[in-house]
Amino acid sequence: MKKTSLALALLSLLPLAAHAQTSVTIYGIADASIGVENTDAPGEGHRTVISSGTQSTSRIGFRGTEDLGNGLKALFNIEAGVALDNGAQDAAGTFQRRAVVGLQGSFGTITIGREYGPIAAVAQSADPLGHGFYGSTLTSFGTNRLTRRLSNSVNYKSDSLNGFTVLAAYSAGERNVDPSNDLWGGAVEYKNGPVYLGAGYQETEAQIGPNNKEIAFGAGFTAGAFDFRAAFLEADPAGANNEYKFTTVGGVYTMGPNKFYASLHQQKLETGAKGNGFSLAYSYTLSKRTNLYSSYAKVRNNGRGVFGVASAGGTFAPPTTALGADPSVFNVGVRHSF
């Protein structure tokens, strides 16, 4: 009798356990290439390299949701970068790519943790190279440039309304004295059929001088097999002659399993330094999850410039002392997602 009662008690808990169960997915990308880099710096020749994440950053992640009822869901996502060339993590912090927990409902999505900033969404959607390959809009993110991910942040993304989506974020500097080092920002995106438009702004309270300001504008249009994209990104950190501008235009042509990418890009500093570059890439789809690719990028710097290019996996540039050097990089690789 006791065993029967215990069994019935356990069975009565099954609907509750099923309702509270979280759906968890393990996912990732493995991307590696072999390439030839040439900084064009005096005394330096080309070198052969094995690189991780040329088209897409190699990563492993865990994400899940729980249905709380009445249209409300709990969610989480933690994602770590992996360097396939040496097996190390690709940056400081194990789950530095994304680490959030939040709620999703009719009001939109709210996340807390380390999240992509509002301008990152615009930069990705307007990238002619699909946010990968050397010369992508990822080139504009880095030291004294634009901020892509926000630690210690609270973030909001609305549901789409007539094609419009609103994003907002606040990142705490976690300082108990002024200036706070807090960052706040927002973006608006419009996606309707073949048309994309986006604009974003972020501002950080600087320790010295005016606040650091960052802006992003993007546009795109799809016509049959052609996908055209253009982006303008600007960072204006505190201090003299620090303003940085990145402009790119280009697109993708798809023909069956073949994709052809091309872009022109320019980088400028307030000091007069300028670098004009171009990128070409090709991808061949082997299956739903696997493709082969090849890409080439080159930058022509003026006498004050030492600009390089960035791919999903890292940045390639000449030494800071090699003013006027014209770096170039070529690679062939394979990417698999799971």
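The model is a predicted one, so local features are given only where pLDDT is at least 70 and side-chain atom pairs only at pLDDT 80 or more, while totals for chains, interfaces and linings use all residues. Residues are numbered from 1 along each chain as its sequence is written, and side-chain values use heavy atoms, with hydrogens and water left out.

On the overall build, the protein has two helices and 19 strands; these are DSSP runs numbered from the N terminus, with helices being H or I of at least four residues and strands E of at least two. Taken along the principal axes, the C-alpha atoms fill a box of roughly 90 × 55 × 40 Å. Of the 338 residues, 41% are buried (under 20% relative accessible area, with exposed meaning over 50% and partly exposed in between, for a 1.4 Å probe and protein chains only).

Next come the empty spaces. Rolling a probe the size of a water molecule over the atoms shows where empty space is left. On a 1 Å grid over the protein atoms alone, a cavity is a set of points where a 1.4 Å probe fits but cannot get out, whereas a pocket is an open set with protein on both sides within 12 Å along at least five of seven lines; lining residues have an atom within 4 Å of a point. Grid points are joined across faces, edges and corners, and a volume is the space filled by probe spheres set on the points.

The largest pocket holds about 850 Å³ of space. It is lined by 35 residues, and Arg98, Glu115, Tyr116, Ala121 and Gln124 sit closest to its centre. Helix 2 (118–125) is among the elements that supply at least two lining residues each, and with five residues helix 2 makes the largest share. By class, the pocket lining splits into eleven nonpolar, 13 polar and eleven charged residues (Ala, Val, Leu, Ile, Met, Phe, Trp, Tyr, Cys and Pro count as nonpolar, Asp, Glu, Lys and Arg as charged, and the others, Gly among them, as polar).

As for cavities, the search of the whole structure turns up one of 30 Å³ or more. Residues lining the largest cavity include Ser33, Glu37, Tyr134 and Phe330. Strand 1 gives the largest share of that lining, four residues.

Finally, the two threonines. Thr57 sits in the loop between strand 2 and strand 3 (59–69) and counts as buried because its relative accessibility is 7%. Beyond its neighbours within four places in sequence, Thr57 is in contact with Ile29, Asp90, Arg97, Ala312 and Gly313. The Thr57 side chain also reaches the backbone oxygen of Ala312 at 2.6 Å. Thr137 is found in the loop between helix 2 and strand 7, and with a relative accessible area of 0% Thr137 is buried. Leaving out residues up to four places away in sequence, Thr137 touches several residues, among them Ala123, His131 and Phe246. The side chains of Thr137 and His131 are joined by a polar contact of 3.1 Å (a pair of N or O atoms within 3.5 Å; within protein, one must be able to donate a hydrogen and the other to accept it, and residues adjacent in sequence count only if both atoms are side-chain atoms).

Conventions
Contact means heavy atoms within 4.5 Å.
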